[in-house]
Amino acid sequence: MSNSSFTNLLSPSFGSETTSPQWLHWKWQIQNRIKTQSELSEHLELTPTEKLSFDACSEFFEFSVTPYYLRLADPKDPNCPIRLQIVPHKEELIRNGFERQDPLAEESHMPVKGVTHRYPDRALWYLSHVCAVYCRFCTRKRKVSKSFHTPGKEEWDQALAYFRSHPEIKEVILSGGDPLNLSDDKLDYLLGELKSISHINQVRIHSRYPVTLPMRIDASLCAVLKKHFPIYLVTHFNHPKEITPLVKERIALLIQEGNVMVLNQGVLLKGINDSAETLKDLFYGLTAIGIKPYYLHQCDEVWGSGGFRVEISKGVEIMKQIRGRISGLSVPLYVVDLTGGGGKVPLPTDYLAEKTDHSYVFRNYQDELYEISY
């Protein structure tokens, strides 16, 4: 395809969603990802700082974005919430002393290649090094985009043998990269093998493709997922702009035809979604299309992520503003995944104002006091 034709596909004149059969084919989107600064400059008016940052950051982390997701970015505004998630920033080169290459200590809890067994009853299975979009705040910047990290068939067999020999494992989480980058046939095989292990209670898929590559959700994939019911899919929306008409259409297909329960775990990100209004729009937008907001993560302490992290105290205050002002069904749990592999802990808002000899006094979301006897 010529550059001019490609530019036309990105043109806003095609409306909020283009209906070109080629555009709507997920493999075409993967094959035509924008990967270089020169390609990106054809579609975004990059600032001098962005250009310098792109070159400097490319030494440490790959750049990749689908034509679909790039079209959601404002070509003129460097502070666009989509653009901030995909364009390299100079802050990524800053290595704070408390940051780690592997902040969640996944590699140190890896009994066989690709399997992280950190919690007693569940294991994470890394299946792909490929993502449609390489998010600049990614926890796995050390390994995504690098093919030698991807387990092959031999490692798959070793992982399955490990799952079978550990009856304490009740849940397996398919992750990556993005596990939906695998073919339908491979997903069918892996899900079938996992479902044949009697002590595994549930299988979860973690994928950002519903956000960055929604055309991956098609009738064929839904048939595979329905075959292995129940399947839980956890996706990763961070901003209301990501909830497009195509997303709504494909999430409906996933739920109705795939019989999949869909949840969302977002990340609190500075300048992107660190306001109560933005998060309320996001959470209500997700429940409106059938996705349950599950977690809001404090940004992990991965190398170079300092520019994205929001102070925990601010995050707690934002969640206090949200709770009580939107439905509890739409409110996720605000959590931090402890650096060093300590696991997730909730960051609850403290509503207890006072404890007396005979009661607790609480301050509600409207700053009013209520007394509960004990």
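Since the model is predicted, local features need pLDDT of at least 70 and side-chain atom pairs count only at pLDDT 80 or more, while totals for chains, interfaces and linings use all residues. Residues are numbered from 1 along each chain as its sequence is written, and side-chain values use heavy atoms, with hydrogens and water left out.

Take the sheet to begin with. Nine strands make up an open sheet with mixed pairing, in the order β1-β2-β3-β4-β5-β6-β7-β8-β9. Helices (H or I, at least four residues) and strands (E, at least two) are DSSP runs, numbered from the N terminus, and two strands pair if DSSP finds at least two bridges between them. Strands β1 (115-116) and β9 (343-346) stand at the edges; each has a single partner strand, so one side of each is left without a neighbour in the sheet. Strands of a sheet pair through backbone hydrogen bonds, in either the parallel or the antiparallel sense. For β3 (residues 171-175) and β4 (residues 202-206) the sense is parallel, over 4 bridges, and L174 stands opposite I205 in β4.

Next comes the largest pocket, with a volume of about 1000 Å³. On a 1 Å grid over the protein atoms alone, a pocket is an open set of points where a 1.4 Å probe fits, with protein on both sides within 12 Å along at least five of seven lines; lining residues have an atom within 4 Å of a point. Grid points are joined across faces, edges and corners, and the volume is the space filled by probe spheres set on the points. The pocket is lined by 47 residues, and T139, R140, S175, H206 and Q265 lie nearest its centre. Strand β7 (residues 292-298) gives the most to this lining, with 4 residues. By class, the lining splits into 24 nonpolar, 13 polar and 10 charged residues (Ala, Val, Leu, Ile, Met, Phe, Trp, Tyr, Cys and Pro are nonpolar, Asp, Glu, Lys and Arg charged, and the others, Gly among them, polar).

As for aromatics, the structure holds 9 pairs (ring centres of Phe, Tyr and Trp, the last by its six-membered ring, within 6.5 Å; planes under 30 degrees apart are stacked, over 60 edge-to-face, the rest tilted). One of them is the stacked pair of Y294 and Y295, at 4.1 Å centre to centre with 25 degrees between the planes. Y295 is buried at 17% relative accessible area, whereas Y294 counts as partly exposed at 25% (buried is under 20%, exposed over 50%, partly exposed in between, with a 1.4 Å probe and protein chains only). Ring pairs also link W125, Y162 and F163 into a cluster. Charges turn up over rings too: the charged end of R95 sits over F60, 5.1 Å from the ring centre, and that of K320 over Y351, at 5.7 Å (NZ of Lys or CZ of Arg within 6 Å of the ring centre and within 35 degrees of the ring normal).

Finally, the backbone. Most residues other than glycine have a negative phi, and most peptide bonds are trans. A cis bond joins F229 and P230, with omega about 0 degrees, and P230 is found in the loop between α10 (219-227) and β5 (231-235). Phi is positive at N259, near 55 degrees, in the loop between α11 (245-256) and β6 (260-268); N259 is partly exposed at 34%. D367 has a positive phi near 70 degrees, lies in the loop between β11 (359-363) and β12 (369-373), and counts as exposed at 52%.
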